[in-house]
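Subject: Two-chain model, handover and notes

Hello,

Here is the model for your files. My notes on what was found in it follow below the structure.

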Amino acid sequence: MDQHRLRLDRIRLLSARFHELQGLRVALAGASMALVVGGYLIAAPRPTNNGAMVAMLVSFVPVVAGMPRLNRYYATTFGRQVWSPSRKPWLFLGVYIVVSSSLNTWIPSIPAGTPTMAIVALASLWVAIRDWPWRGYYLGATAAVVIGFTVSAPVGGLLAPNMTLGTMFLLLGTSMVPIGLLDHLLLVKLMKEARAPEAASAASRIGGDG
Amino acid sequence: MPTPFEHLASFDRLVHEPSRLAILTALSACEKADFVFLRNVTGLTKGNLSSHLVKLEQGGLVAIEKTFEGKQPITYIALTREGRDVLKSYWKRFDKLREGVRRLKPLRTV
């Protein structure tokens with residue numbers, strides 16, 4: 001009975017997180033961000049935080065171009081699903097805008113992009129806790145941001161002030177690649193495990209017939 | 001207080017069948033899903049999934065919508081409001097049954 005319940009829990013998790021687990025999109029975005037921002041940090045004679053921000057925005061171009069192909073891949077391989085109306089991504093976006101603009105207003109000296117990185121770190125931590133132990137690897141993104149903050153701290157930091165944002169984007173992009181790939185692998189694994197009992201019973205039926 | 005056996009007898013057979021329960025569970029976590037998704041999640045064959053969906057549709061638990069994306073036909077399946085209520089009450093009874101079974105003491109033989 002408990003095994004049956006476990007399988008149903010797995011199916012429910014898979015269905016509830018289906019879109020989040022389509023991690024190749026995250027991996028692509030991370031790889032693109034790491035390459036473009038990393039390239040900028042290496043190639044620019046004197047990198048600036050504003051330049052890093054522009055490089056980060058430019059890194060979305062290959063992502064936008066590759067997205068339809070990835071959408072098609074997921075739809076044909078795993079199927080289509082529409083999220084429950086209770087999910088409100090715009091609510092998250094609203095909270096993000098309010099929090100980051102408030103932080104920028106209250107602390108004018110805060111470097112550009114810092115609130116975004118802090119929210120990314122918190123969101124990653126939340127995902128890791130919510131889906132523990134399945135998606136514990138999200139702590140990697142939190143760790144990347146924490147390392148970024150540590151090395152770019154005004155006191156005791158290792159980086160020059162003009163390199164802080166670029167380094168943070170580079171670290172975050174790099175951490176997104178394994179996270180996205182692990183999400184994708186988890187999707188594949190959960191799909192396999194969810195249908196395993198059917199396959200096992202079909203195999204036993206075939207065995208029984210023979 | 002009803003016994004675990006009374007709880008078991010009160011289960012809706014339409015929902016209790018493992019494959020149909022898997023379909024309903026997958027649908028309960030989203031607004032709607034297409035045939036390919038349900039086939040992947042449940043591991044059922046096309047024929048089996050179709051026959052279970054027909055039964056669930058006849059029971060009023062799911063709604064089936066046929067549409068096109070470009071030139072590709074897509075069949076979306078959604079849990080109806082009744083389906084959500086039935087599934088909710090099923091899980092309530094299931095948990096009561098588990099609790100009841102846990103409380104059962106084995107008979108002592110002399």
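**A buried arginine and what surrounds it**

R20(B) is buried, because 22 other C-beta atoms lie within 10 Å. The cut-offs are these: a residue is buried if 20 or more other C-beta atoms lie within 10 Å of its own, exposed if 12 or fewer, and partly exposed in between, with C-beta atoms placed from the backbone.

The model is predicted: local features need pLDDT of at least 70, side-chain atom pairs count only at pLDDT 80 or more, and totals for chains, interfaces and linings use all residues. Residues are numbered from 1 along each chain as its sequence is written, while chains are lettered from A and ligands numbered from 1 in the order in which they are written.

R20(B) sits in helix α3 of chain B. Helices (H or I, at least four residues) and strands (E, at least two) are DSSP runs, numbered from the N terminus. Leaving aside residues up to four places away in sequence, R20(B) touches L14(B), V15(B), H52(B) and L56(B). Contact here requires that the C-beta atoms of two residues, placed from the backbone, lie within 7 Å. T67(B) is 47 residues from R20(B) along the chain, and their C-alpha atoms are separated by 23 Å.

**Helix α3 of chain B**

The buried residues are R20(B), L21(B), A22(B), I23(B), L24(B), T25(B), A26(B) and L27(B).

The axes of α3 (residues 18–28) and α4 (residues 35–42) of chain B come within 10 Å and cross at roughly 125°. Axes are lines fitted to C-alpha atoms, for helices over the stretch in contact, and angles run from 0 to 180 degrees between N-to-C directions. α3(B) and α4(B) are therefore oblique to each other; angles under 35 degrees count as roughly parallel, over 145 as roughly antiparallel, 65 to 115 as roughly perpendicular and the rest as oblique. The contact is made by S19(B), A22(B), I23(B) and A26(B) on the α3(B) side, and by L38(B), V41(B) and T42(B) on the α4(B) side. By class, this contact of α3(B) with α4(B) has five nonpolar, two polar and no charged residues. Ala, Val, Leu, Ile, Met, Phe, Trp, Tyr, Cys and Pro count as nonpolar, Asp, Glu, Lys and Arg as charged, and the others, Gly among them, as polar.

α3(B) also lies across β1, β2 and β3 of chain B, and runs at about 90° to β3(B).

**The sheet**

Those strands belong to an open sheet of four strands, in the order β1(A)-β1(B)-β3(B)-β2(B), with antiparallel pairing. Two strands pair if DSSP finds at least two bridges between them. β1 of chain A and β2 (62–69) of chain B stand at the edges with a single partner strand each, so one side of each is left without a neighbour in the sheet.

Within chain B, eight bridges join β2(B) to β3 (residues 72–79), and the two run antiparallel. T67(B) has I74(B) as its bridge partner in β3(B), and I64(B) stands opposite I77(B). The hairpin of β2(B) and β3(B) has two residues between the strands, and in this hairpin G70(B) takes a positive phi near 70°.

The sheet crosses from one chain to the other: β1(A) and β1 (residues 32–34) of chain B pair in the antiparallel sense over two bridges. V82(A) has K32(B) as its bridge partner there.

**The interface and the chains**

In total, 21 residues of chain A are in contact with 21 residues of chain B. On the side of chain A that touches chain B, α1 (2–16), β1 (81–82) and α8 (164–209) each supply at least two residues. The largest share, seven residues, comes from α1(A). By class, the residues on that side of chain A divide into 12 nonpolar, five polar and four charged.

Chain A has eight helices and one strand, and 33% of its 210 residues count as buried. Chain B has six helices and three strands, and 27% of its 110 residues are buried.

Regards
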